[in-house]
Amino acid sequence: MEHSRALGHALAFGTVAVWGTTFISTKVLLTGFQPVEILFIRFILGLLALFLACPRRIRGTTWRQELLFAGAGLTGVCLYYLLENIALTCTLASNVGVVISVIPFFTAVLAHLVLKEKRPGGRFLLGFAVAMAGIFLISFNGARMELNPLGDLLTLLAALMWACYVILTRKLGAEGWPTILVTRRIFFYGLLWMIPALFLFDCRLGLERLANPLYLGNLLFLGLGASALGFVTWNQAVKLLGPVPTSVYTYMTPVVTMTASVLILHERVTALALLGAGLTMAGLLLSQDWTALKGGAK
């Protein structure tokens with residue numbers, strides 16, 4: 001039990017460390033691709049990679065189980081990314097960075113209502129408040145705060161969709177199937193849900209763009225690293241830790257993004273941003289139930 005929970009924490013930490021750097025690849029790709037094109041290609045690559053890694057299929061599923069797969073594909077693969085990307089066109093990136101960080105709170109509420117897990121305690125709420133303060137400092141460091149009801153609402157809906165995804169993957173994890181097969185089927189349904197958006201946003205095939213090594217390299221990183229590997233490790237973390245302890249690691253995303261900006265894009269970091277990073281990590285530590293790792297309370 002102690003070993004499995006330690007592995008779950010390591011997987012969640014590693015996954016968010018990778019996901020926090022994806023904004024750089026996305027930023028490069030947006031010069032030649034529409035957001036939904038990037039999503040569709042990266043998850044196609046992810047689906048192919050997972051099939052090559054494990055060609056076996058899940059057989060004998062019930063209609064209820066297929067609905068869980070379809071729901072996870074809709075919420076975590078299709079709607080979460082589409083809503084977040086559309087929100088970025090309506091509001092400031094700093095707004096999105098703060099609002100999206102309510103994911104652990106939404107997850108805790110849904111876990112209590114749907115999975116009958118214990119309701120968020122004082123320690124979790126204190127950690128949430130401290131982390132949000134830190135994320136606010138990182139996101140609005142040197143930037144103006146500007147409310148945009150539509151963009152902020154879309155971001156809030158994106159956060160809710162990811163919380164729903166985590167709950168659905170927890171239910172799927174309880175079925176006992178290998179995580180890689182579960183993730184692959186979720187990708188399949190996510191891509192099906194994404195097809196109408198391709199027509200809605202007037203996407204084009206444009207395969208000649210893949211001849212550009214910069215585009216191809218970033219798409220491979222997003223498809224193989226962030227999607228195929230990242231979703232498998234995240235879903236395994238949810239299986240080992242549960243939805244709330246895993247979701248708490250999303251607090252790390254702005255910290256990783258800030259670090260990647262300094263190391264890769266050579267952007268400057270201020271004392272205020274460093275303070276925000278410290279508060280965010282403190283909030284993450286406060287929100288976790290470390291006694292469970294020592295074999296105490298579950």
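I began with L284, which counts as buried because its relative accessibility is 3%, where buried means under 20% relative accessible area, exposed over 50% and partly exposed in between (1.4 Å probe, protein chains only). I note that this is a predicted model, in which local features need pLDDT of at least 70 and side-chain atom pairs count only at pLDDT 80 or more, while totals for chains, interfaces and linings use all residues. Residues are numbered from 1 along each chain as its sequence is written, and side-chain values use heavy atoms, with hydrogens and water left out.

**Entry 1: L284**

I placed L284 in helix 13, residues 271–287. Helices (H or I, at least four residues) and strands (E, at least two) are DSSP runs, numbered from the N terminus. Which residues does L284 contact beyond its neighbours within four places in sequence? I found V248, Y249, Y251 and M252, with contact meaning heavy atoms within 4.5 Å. I also took the C-alpha to C-alpha distance from L284 to N148, which is 28 Å at a sequence separation of 136 residues.

**Entry 2: the whole chain**

For the radius of gyration, taken over C-alpha atoms, the globule rule is 2.2 Å times the number of residues to the power 0.38. The protein chain has 19 Å, which agrees with the value near 19 Å for a compact globule of 298 residues. The C-alpha trace spans about 50 × 50 × 35 Å along its principal axes.

Of the 298 residues, 50% are buried. Among contacts with a separation of 6 or more, 90% come from residues 24 or more positions apart. The accessible surface, by the Shrake-Rupley method with a 1.4 Å probe, is about 14000 Å², and carbon and sulfur atoms hold 72% of that.

**Entry 3: the cores**

Which residues have the most contacts inside the largest nonpolar core? They are F43, W162 and F231, in a core of 77 residues. A nonpolar core is a set of buried Ala, Val, Leu, Ile, Met, Phe, Trp, Tyr and Cys residues joined through side-chain atoms within 4.5 Å. Apart from this core lies another, of 5 residues, among them I138, M258, A273 and A277.

I then listed the contacts of F231, leaving aside its neighbours within four places in sequence; they include W19, F43, W162, Y165 and F187.

**Entry 4: two loop residues**

I found K116 in the loop between helix 6 (103–114) and helix 7. K116 is not a glycine, yet its phi is positive, at about 60°. Is K116 buried or exposed? K116 is exposed, because its relative accessible area is 67%.

T61 sits in the loop between helix 3 (35–53) and helix 4 (63–90). I recorded T61 as partly exposed because its relative accessibility is 23%. Leaving aside neighbours within four places in sequence, T61 contacts E66, F69, W177 and R185. T61 and V244 are 183 residues apart along the chain, and 27 Å separates their C-alpha atoms.
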